[in-house]
Amino acid sequence: MSLTDDLGVLFTLQKFITIPNYNLPYEWSSVSRNLTIILRSLPFFLVNFLTIYQYFIHNGSHNVGFSGVSDVALIVSEFDFILMKATTIIFAILAIIHNNSHIKLLNLINNYERKFSELIMKRRVYVKLWNNFKFALFATNMIFLNVILQFMGEEFYRTDSTVWYFFYSLCILIVDVISIYMSSLSRLLGDVLATATENIKIRRISVNRKTVLFTWESLKLLSAFNASCSFMLFVALSVEFVCCCISSFFFIWLMSIQENFDYKYVFVVGCLTWAMRSLIFIMHITFACDHFSSALFHFQLALSATLHRDQETNLSDFEIHQFQLKILHEYQQGLNVSAMGFFRINNSVMFAIFAAVVSHIAILMQFKQMEELKWILKYNG
């Protein structure tokens, strides 16, 4: 059983989204392989096709909400609506560009598990159940939000049909599945390294050349993970940041106004749910990526301390010295999951995003106050 099996339905769905050509039997003919790839890719292709269609044809002939309530709210809501659909298209493009690096990462993980089976943690049933539960939780969340939008849509928000609401929610769910998959994979690799660290500390496993090789292979995994996932993680964090800003703005604005209108509190619940969803996503991604990089660093420290203390490692002083120099070099370079090289994804990113959200909410509220002042001057003038 592969480590990726612990990802449950999150990994299964990737075969229909990002890696339709993964793990096809070699004995199949080229026709069978190509046909399977086409059939796997077809649902994601149709979703993107319908997204583009709604952008340029369908959406132009339909009214949108907030036009009679607030120009600021109209601009913000339309930006959010377009952004979520654009993200699906961006993820489709990135899936094609990074397909080879993604499959290379998965092959490295499979070889990693076969080569170091005694260092890999035993199968944990609850991990797979937990990952399946995360998918079910966010799918349920999207159904809930879709019901809210549909409930108030014809009267207030948008005049799109139920079919378009469904595809809008499906676009968001696809982005969610890819984001949860990448962060869950990062956490899984971090769990492997954390278990290996504990085994070294309690001397459950012997320290030898194979253990040192395990460190180098783990570094290769980190590099491969960055090569295949860093761009998508950057996009996912950026989108969730924007969604958190917009949802929080709507929530604060709606709670601050005195007058009531139809479905006001339904929309308040929707905004609060959406803001919490985005915040949970940001926490999930940052904590998981930080866990991977910090677990690798602590494994290296534990191994270095054992090599320095234990004289029965079958390693020469020169080999130990080389290993410790390599650790120092990697520490100076930074053992972190990277967001396309723009920043390192760790726990500090969550607090930076939270501060940025607060700042952008203040800016949006100032625009709203300026708009209200303009209405007052126009009415009195």
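**Exercise 1. Describe the secondary structure of residues 349-367 and give the distance between the end C-alpha atoms.**

Solution. The span 349-367 is 100% helix and 0% strand, and its end C-alpha atoms lie 27 Å apart; helices (H or I, at least four residues) and strands (E, at least two) are DSSP runs, numbered from the N terminus. This is a predicted model, in which local features need pLDDT of at least 70 and side-chain atom pairs count only at pLDDT 80 or more, while totals for chains, interfaces and linings use all residues. Residues are numbered from 1 along each chain as its sequence is written, and side-chain values use heavy atoms, with hydrogens and water left out. Residues 265-287 are likewise 100% helix and 0% strand, with end C-alpha atoms 33 Å apart.

**Exercise 2. State how many helices and strands the protein chain has, and in which order the elements run.**

Solution. The protein chain has 10 helices and two strands. Read from the N terminus, the order is α-α-α-α-α-α-α-α-α-β-β-α.

**Exercise 3. Characterise the ring pairs F11 with Y181 and F225 with F292.**

Solution. A pair of aromatic rings is described by the distance of the centres and the angle of the planes. Rings of Phe, Tyr and Trp (its six-membered ring) pair if their centres lie within 6.5 Å, and planes under 30 degrees apart count as stacked, over 60 as edge-to-face and the rest as tilted. The whole structure holds 14 aromatic pairs. For F11 and Y181, the centres are 6.3 Å apart and the planes stand at 35°, so the pair is tilted. This pair links distant parts of the chain, since F11 belongs to helix 1 (residues 9-14) and Y181 to helix 6 (residues 162-201), 170 residues apart. Both F11 and Y181 are buried, that is, under 20% relative accessible area, where exposed is over 50% and partly exposed in between (1.4 Å probe, protein chains only). For F225 and F292, the centres are 5.9 Å apart with planes at 90°, so the pair is edge-to-face. It joins helix 7 (residues 209-256), which holds F225, to helix 8 (residues 264-309), which holds F292, across 67 residues. F225 and F292 are buried as well.
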